[in-house]
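Hi,

Here is the structure we talked about, for you to open and explore. Have a look at it first, and then read my notes below with the model on your screen.

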Amino acid sequence: MYRTFGTLLLAATCLTNAGARPIRRWPSYTNLVEEIKTAMQASIRTSWEQGTAAGAIIEVDNPEYSVFAHKPFEYDGIMPISVLQFAMSAAVRQTADGRLSQNINDAEDGAALDGASAGSAVLLGSFTHTDNESFWADSAERELNFILNDVPRTSTGAFSHRIDTRQYWADGVYMGPPFLAYYGAVTKNQTLLQLAYDNCRLYRDALLIDGPTGPLWAHIYDDDNKTWVDEGIWGTGNAWASAGMIRVAATIEKSCFRSEMKHQTSSLVAWVKEILDGEFAALTSDNLVPDYLTGGPTFSDCSSSAAFSSVAYRGAKLWPHVFGLNYIAVADRIRQAVVSGVTDLGLLSPVVDPLNWGQIGILSTEAQAFGLMMLSAWKDLLGYEPVL
Ligand SMILES: *[C@@H]1O[C@H](CO)[C@@H](O)[C@H](O)[C@H]1NC(C)=O
Ligand SMILES: *[C@@H]1O[C@H](CO)[C@@H](O)[C@H](O)[C@H]1NC(C)=O
Ligand SMILES: *[C@@H]1O[C@H](CO)[C@@H](O)[C@H](O)[C@H]1NC(C)=O
């Protein structure tokens, strides 16, 4: 009798839930962050993913050294161990030409700037891990010299995103300029901060096009044959561009050249806003942005969405006169949509496949990183650990 009743109840429960996605309830903010983080750490990574993951780890584990912190370029007595673990792998896999994280498979990935995405984490070692100061400083300097001396320049003088042909990729704005700016801030070298700014400006000049919701960035332009490789307005391309520019702006703002470079900061902030305005106006009914606005599929993408949410939170904290409450409101809606899609293995879902930009993927390392950036930026804006 009892057993029969139990079986019936179980059957009824199964029927009710058939086909429905269970709503996952995270016990706490920390628990959610931990699951997204361990999924990222477990992921096989290419050079840009290593650097992007290291950047997310800084924000989550040692926010006092993120460029969004109060005094990020000073040692405060705490060694950022998990960040340096990522940086160590990038440095150990640095190729002879200076590219960080490059020595995987045949090391022939043709990216010129991707390796630099881990550069800030490596340079962080030079002042937070003083026993090995020269190891970190040398590694970072070799990456810098590769960019300055070996990366081909486009016709306007920007660093090409590719090594064998001169191309602008929106992605490059996250990979190269934040490292140049960070190097400039840490070593008090204004030339490098200016170079970071100039590259953001030149990439925007090359890639900005009119979209259905205002100006946004197309993905890839080849400067050798003056043709578009991908003229689509890709969500993740715009995510890289806005996330890269807000880091450069914050780095200038926290550097000792802050007052001399107010004009550069305000331009960067305006260009970040331009991207958020275009992307937020394209929000789908799921409160996510589409993979492509034009020139590709329009499925809802948690990867770029999480990045935009993080950028809006960072903007609201640092430049509240530009990014007011309406930006926070959209960032909140996106965050709720992204968190509700996180799977039982801690994966953001659905996400664009980082290797095939026109299809949905199962696991994206950069999406995991963007999710962590979103959650840490939210916490930083609130000033306390959020309740989910
Ligand atoms: C780090 O510093 C220690 C102590 O000076 C030294 O033994 C070790 O070889 C250094 N490691 C690297 C990677 O430079
Ligand atoms: C700034 O960095 C550049 C590039 O490494 C270098 O050529 C220049 O001498 C540096 N300037 C100062 C003032 O250190
Ligand atoms: C331009 O160059 C790129 C890179 O070599 C190539 O992929 C593309 O097909 C070329 N486009 C045209 C129209 O030749």
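Helices α5 and α6 (residues 133-150) pack at an angle of about 150°, with their axes 7 Å apart. Here, helices are DSSP runs of H or I with at least four residues, strands are runs of E with at least two, and both are numbered from the N terminus. The axes are lines fitted to C-alpha atoms, for helices over the stretch in contact, and angles run from 0 to 180 degrees between N-to-C directions. The angle is the reason why α5 and α6 are called roughly antiparallel to each other; the scheme is under 35 degrees for roughly parallel, over 145 for roughly antiparallel, 65 to 115 for roughly perpendicular, and oblique for the rest.

A word on where this comes from: it is a predicted model, in which local features need pLDDT of at least 70 and side-chain atom pairs count only at pLDDT 80 or more, while totals for chains, interfaces and linings use all residues. Residues are numbered from 1 along each chain as its sequence is written, and chains are lettered from A and ligands numbered from 1 in the order in which they are written.

Back to the helix pair. α5 passes α6 in a left-handed crossing (the near helix is turned anticlockwise from the far one by less than a right angle; clockwise would be right-handed). On the α5 side, the contact is made by Gly-119, Val-122, Leu-123, Gly-125 and Ser-126, and on the α6 side by Glu-133, Trp-136, Ala-137, Ser-139, Ala-140 and Glu-143. Contact means that the C-beta atoms of two residues, placed from the backbone, lie within 7 Å. Sorted by class, this contact has five nonpolar, four polar and two charged residues. For the classes, Ala, Val, Leu, Ile, Met, Phe, Trp, Tyr, Cys and Pro count as nonpolar, Asp, Glu, Lys and Arg as charged, and the others, Gly among them, as polar.

α5 also has α4 (residues 81-92) as a packing partner: the angle is about 115° and the axes are 8 Å apart. That makes these two helices, α4 and α5, roughly perpendicular. The crossing of α4 and α5 is left-handed. Val-83, Leu-84, Phe-86, Ala-87, Ala-90 and Ala-91 of α4 meet Ala-121, Val-122, Leu-124 and Gly-125 of α5. That contact has nine nonpolar residues, one polar and no charged ones. In the loop between α4 and α5 you will find Ser-101, which has a positive phi of about 55° although it is not a glycine.

Residues of the contact of α10 with α12 divide into eight nonpolar, seven polar and two charged.

Now for the strands. Which strands make up the open sheet, and in what order? There are three, ordered β1-β4-β5, and the pairing is antiparallel; two strands pair if DSSP finds at least two bridges between them. β1 (167-169) and β5 (227-230) are at the edges with a single partner strand each, so one side of each has no neighbour in the sheet. From one strand to the next, the twist averages 20°. Three bridges join β4 (residues 220-222) to β5; Ile-220 stands opposite Asp-230, and Asp-222 has Thr-227 as its bridge partner. β4 and β5 form a hairpin with four residues between them, and Lys-226 in the turn has a positive phi of about 50°.

Asp-222 and Thr-227 turn up again around ligand 3, together with Thr-165, Asp-224, Asn-225 and Val-229 (a residue is near a molecule or strand if its C-beta atom, placed from the backbone, lies within 6 Å of it). This shell has one nonpolar, three polar and two charged residues. Around ligand 2 are Leu-148, Asn-189, Thr-191 and Leu-192, which gives two nonpolar, two polar and no charged residues.

Lastly, β10 (residues 351-353) and β11 (residues 356-361) pair in the antiparallel sense over three bridges and form a hairpin with two residues between them. The peptide bond from Ser-349 to Pro-350 is cis, with omega near 0°, and Pro-350 lies in the loop between α13 (325-341) and β10.

Happy exploring!
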